[in-house]
Amino acid sequence: MAGSTPASATPERASPRSLTPWAEAWRRFKRHRLAYWSLWVLGLLVLGVLLGPLVYKVGINDIDFQARLAPPSWKHPLGTDDLGRDLLARVLYGGRISLAVGMAAMLIAITVGVIIGAIAGISRGWLDAALMWVTDLFLSLPQLPLLLLLIFLFRETLKNLFGLEVGIFLLIVVVIGGFRWMPVARLVRAQFFSLREKEFVEAARALGASTSRQVVRHILPNALGPVIVAATIDVQAAIIAESTLSFLGLGFPPDIPTWGRILYDGRDYMDLAPYWVLFPGLAIFITVLTISFIGDGLRDALDPRRVL
Amino acid sequence: MGNYLLRRLLIAVPSLLGISLILFTVLALAPGDPFEDLATNPNVPAEVRLALRASLGLDDPVWQRYLHWLGSMLQGNWGFSFVSRIDVDTLIWQRLPVTIAIIGASQILALMVALPVGILAAVKPYSWFDRIASTMAFVGFSLPTFFTGVLFILVFSIELGWLPFVFRADISETGWQWWVEQIKQSIMPVAVLGLFQAASWMRYVRSSVLDVIRLDYVSTARSKGLAERAVVMKHVVRNALIPVVTLIALQLPQLFGGAIVTEQIFRIPGIGSLLIDAILRNDTPVVMAVTFVLSALVIIFNLLADVVYGWLDPRISYT
Amino acid sequence: MALLEIKGLKTHFKTDDGWLHAVDGVDIAIDRGETVGVVGESGCGKSVTAKTVMKLIDMPPGKIVAGQVLWKGRDLVPLPPEAMQKIRAKEISIIFQEPMTSLNPVFTVGEQIAESLRLHEGLSRKDALDRAVEMLKLVRIPTPERRVTDYPHQFSGGMRQRVMIAIALACKPQLVIADEPTTALDVTIQAQILDLLQRLKDEMGMAVMLITHAMGVVAEVAQRVVVMYAGKVVEEAPVQALFAHPRHPYTQGLIRSIPRIDLDAQHKVRLEAIPGTVPKLIDPAEGCRFAARCKFAKAECTQATPPLREAAAGHRVACFFDL
């Protein structure tokens with residue numbers, strides 16, 4: 001980055017309050033009003049998706065030709081599709097899948113990314129160069145085409161190995177997560193580079209701490225901030241990726257109503273039943289938007305350089 | 001500068017090889033036989049099928065197949081598509097220009113929106129303009145492209161009837177009318193892709209300008225008596241653009257993904273829809289060739305981005 | 001009429017915890033061709049004073065709450081930005097503390113020097129670059145014709161500071177504010193830069209406001225010294241008088257804390273530190289701000305703020321007592 005010393009036009013001042021780092025981070029997070037409200041909205045959404053089907057006991061596959069293409073009403077709050085299936089139930093179900101995919105893919109991306117980034121960050125010379133070359137290589141791969149390709153090629157195998165739903169879930173999660181580890185690795189590596197030269201790490205080294213102890217106890221906790229922010233981006237990207245795959249017809253099997261799939265199904269009926277595409281689209285939008293704001297709030301809260 | 005370019009080029013070549021290796025491995029590991037369909041085709045006798053397999057070296061050891069395939073790819077011999085009964089390279093060259101045109105136009109649109117909005121937002125941070133622009137940016141990149149595309153069709157094609165939502169590659173009008181029709185049918189896909197990009201770029205530009213504007217050399221520029229506008233336009237923007245160029249280049253692979261989606265929604269006959277069709281129809285040679293072309297394009301554009309980066313930042317080229 | 005007269009300047013900053021009184025009633029006068037040293041520890045307000053003169057403070061969160069900055073009789077405080085831009089670099093210029101980050105990395109050194117020339121003197125690009133070469137020669141940079149097209153990262157710290165001086169002097173201003181110009185440099189380079197500044201001052205006859213926290217520098221270079229503490233001026237005197245007879249307890253402490261290697265074993269004095277720390281400047285209370293650390297403090301010191309009074313000819317001090 002071009003230079004990093006800020007102009008010192010404002011004098012230094014010490015904060016009179018002394019809070020634990022987590023309490024301080026929470027205070028800063030709350031100042032970001034959009035992020036704060038997003039936390040509540042997302043929380044409500046997650047609760048709704050998790051507990052909704054327990055309360056709203058309409059089946060996702062209950063076909064009712066009498067009620068096909070019905071607009072939103074008391075009986076069907078989000079309307080019905082061309083087979084008369086209730087859209088609210090389907091959207092709630094799809095929510096569970098989207099959130100599960102998002103979290104799982106994010107965990108894979110973070111785990112792989114942190115491990116590779118940490119190894120690259122702590123080693124010097126050829127190992128670091130080699131790992132970075134591989135990272136750059138993966139970054140140059142066109143993600144969506146390869147996603148499509150991988151899913152298409154390995155769908156059958158995984159279905160046979162793990163059963164239809166679990167198999168596809170595993171495939172999608174591994175493939176999506178497998179494309180998101182690179183930015184995390186780079187982040188972690190950059191953090192390691194800047195932290196390992198810092199005095200407190202040198203102090204630990206001088207006291208005889210082994211490399212792994214230095215990494216785990218001293219460097220990693222300080223590198224966590226940007227990783228948490230990256231994690232929120234990963235969840236959001238994974239949800240969008242899964243929806244996109246479903247929308248293109250290459251995601252979960254057709255009878256599983258993920259949000260992307262519902263949109264795909266409703267595409268041909270846009271003029272007759274616009275609510276069919278609107279509601280799942282809005283669901284994706286709100287989920288992703290709230291996660292984005294939360295990520296932004298976290299960035300403000302955890303970045304030690306910003307004085308708020 | 002020459003040194004720097006040479007180094008980037010030397011890295012690009014093994015990267016291309018690496019990608020081709022990955023692609024080939026994926027396809028080699030995949031179960032299924034590309035000629036399975038032919039087996040059930042009564043018009044193709046068994047001996048012909050076996051001869052085809054032998055001629056394409058399908059029974060050779062893997063590494064031999066890889067080298068053979070790589071060789072033909074680099075020579076431009078991309079094989080023959082049994083499904084479409086056409087040479088793969090003809091097929092690709094037919095479809096590539098449309099995709100490049102739409103992607104190119106969307107990038108230009110994105111730049112025209114993101115640069116001024118991002119700079120203005122950063123110059124007056126937390127002003128009402130900044131808050132609105134930043135919130136719109138968040139909204140923009142939280143809307144998946146397929147949803148925006150669908151919404152646009154709902155509003156502009158179905159409700160208002162202003163724009164067509166099926167893309168025609170063969171517009172019969174000529175001259176001025178041809179351009180009008182072309183713009184009318186391209187405006188939605190270009191806008192969908194472009195605005196999505198603009199949303200994330202605007203955030204990058206804003207954060208980069210915010211970082212640069214507090215630096216010491218900006219104070220030095222002001223202390224010379226330059227008007228604030230000149231300080232920002234001349235001193236800040238040039239420096240702020242440097243990391244933005246890198247970020248834009250890194251996002252290029254995603255762009256092709258976006259193109260795939262828009263081509264499906266608006267039924268544009270480009271490379272993206274070609275890929276999907278080929279996948280769904282088991283047309284392996286086309287799939288391999290298209291993924292290879294897309295990867296090569298990404299590497300070429302990354303190289304271009306490196307060139308621009310080297311031109312913008314003298315610290316890179318003059319070391 | 002003095003060239004620059006700062007009268008009762010108060011620059012405050014809005015923070016979450018209240019208003020920070022960074023500069024709280026400062027008077028400084030500088031005559032033509034004079035070198036005035038402004039000393040004080042980090043955080044005492046000297047840089048903010050300098051930047052206020054140039055109006056380079058970010059105006060939120062900063063605010064010039066009171067006072068005047070009279071440049072040749074004209075108050076700069078209410079001046080609109082366009083008028084202020086004409087004064088910067090042409091009449092008053094400033095040299096910053098950090099040479100490593102004060103130059104724009106994407107422009108050549110020549111272009112950066114030429115920029116002020118083209119702006120204020122309307123020179124063409126070629127003429128401005130020629131003048132830039134002359135300036136580089138003036139600040140003793142070797143092979144200036146070649147170096148003028150080099151980028152900042154190709155210069156060392158000391159050389160970059162010379163370039164900064166070249167930029168500051170390009171339009172021959174009448175006052176140069178040097179804000180800790182040598183603090184970030186090695187000791188040997190420090191001496192060279194100070195030397196250069198002295199020589200240029202003699203050649204070009206401009207006034208210099210030298211801001212530093214090193215008493216030794218001020219002793220060598222300045223004609224008059226202003227001592228600042230916690231946003232206020234506590235003492236002001238010609239340099240000889242200040243060192244011979246410092247009247248404010250803070251100044252006395254500062255001078256006594258300078259290590260002396262020229263005293264022989266019998267005359268060695270214990271190095272004295274000033275106990276305590278600088279007070280918080282947010283909504284400060286009445287009373288002398290040094291009182292908490294002063295060994296001479298009495299009851300009246302915390303009840304009223306001592307004004308700057310003339311204790312001897314040209315020697316002013318902000319203390320109730322004669323010490």
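Trainee: Before I look at any details, what does the model score?

Mentor: Keep in mind that this is a predicted model, and that it scores ipTM 0.85 and pTM 0.81. For chain C, the mean pLDDT is 89, and 98% of its residues reach 70 or more.

Trainee: Why would I care about pLDDT when I read the coordinates?

Mentor: Where pLDDT is low, the predicted coordinates should not be read in detail.

Trainee: OK, chain A then. How many helices and strands are there in it?

Mentor: Chain A has 11 helices and zero strands, so that, followed along the sequence, its pattern reads α-α-α-α-α-α-α-α-α-α-α.

Trainee: And how much of chain A is buried?

Mentor: Of the 308 residues in chain A, 43% are buried. If you take the contacts in chain A between residues at least 6 apart in sequence, 69% of them join residues at least 24 apart.

Trainee: What about chain C against chain B?

Mentor: That contact takes 24 residues from chain C and 19 residues from chain B. Helix H2 (81-87), strand E6 (92-95) and helix H3 (109-121) of chain C are the elements that give two or more residues to the chain C side, where H3(C) gives the most, with four residues. The classes on this side of chain C are 10 nonpolar, nine polar and five charged residues.

Trainee: Switching to chain B itself, how do H5 and H8 cross?

Mentor: The axes of helix H5 (residues 88-123) and helix H8 (residues 175-213) of chain B come within 6 Å and cross at roughly 35 degrees, and the crossing of H5(B) and H8(B) is right-handed. Their contact has 21 nonpolar, six polar and one charged residues.

Trainee: Back to chain C, what is the order of the strands in the sheet?

Mentor: Eight strands of chain C form an open sheet with mixed pairing, in the order E6-E7-E8-E3-E9-E10-E12-E11. E6 and E11 of chain C are the edge strands, each pairing on one side only, and the twist averages 20 degrees from one strand to the next.

Trainee: Can you show me one pair, and which way do E3 and E8 run?

Mentor: Strand E3 (residues 35-39) and strand E8 (residues 207-212) of chain C run parallel and are joined by five bridges; one of the residues to look at is Val36(C), whose bridge partner in E8(C) is Met209(C).

Trainee: Why do you point out a positive phi?

Mentor: Most residues other than glycine have a negative phi. Asp283(C) also has a positive value, with phi near 45 degrees, and its place is in the loop between helix H10 (249-256) and strand E11 (309-312) of chain C. Asp283(C) is exposed, because 11 other C-beta atoms lie within 10 Å.

Conventions: Residues are numbered from 1 along each chain as its sequence is written. Chains are lettered from A and ligands numbered from 1 in the order in which they are written. This is a predicted model: local features need pLDDT of at least 70, side-chain atom pairs count only at pLDDT 80 or more; totals for chains, interfaces and linings use all residues. Two residues are in contact if their C-beta atoms, placed from the backbone, lie within 7 Å. Ala, Val, Leu, Ile, Met, Phe, Trp, Tyr, Cys and Pro count as nonpolar, Asp, Glu, Lys and Arg as charged, and the others, Gly among them, as polar. A residue is buried if 20 or more other C-beta atoms lie within 10 Å of its own, exposed if 12 or fewer, and partly exposed in between; C-beta atoms are placed from the backbone. pLDDT is the predictor's confidence in each residue, from 0 to 100. Axes are lines fitted to C-alpha atoms, for helices over the stretch in contact, and angles run from 0 to 180 degrees between N-to-C directions. A crossing is left-handed if the near helix is turned anticlockwise from the far one by less than a right angle, and right-handed if clockwise. Two strands pair if DSSP finds at least two bridges between them.
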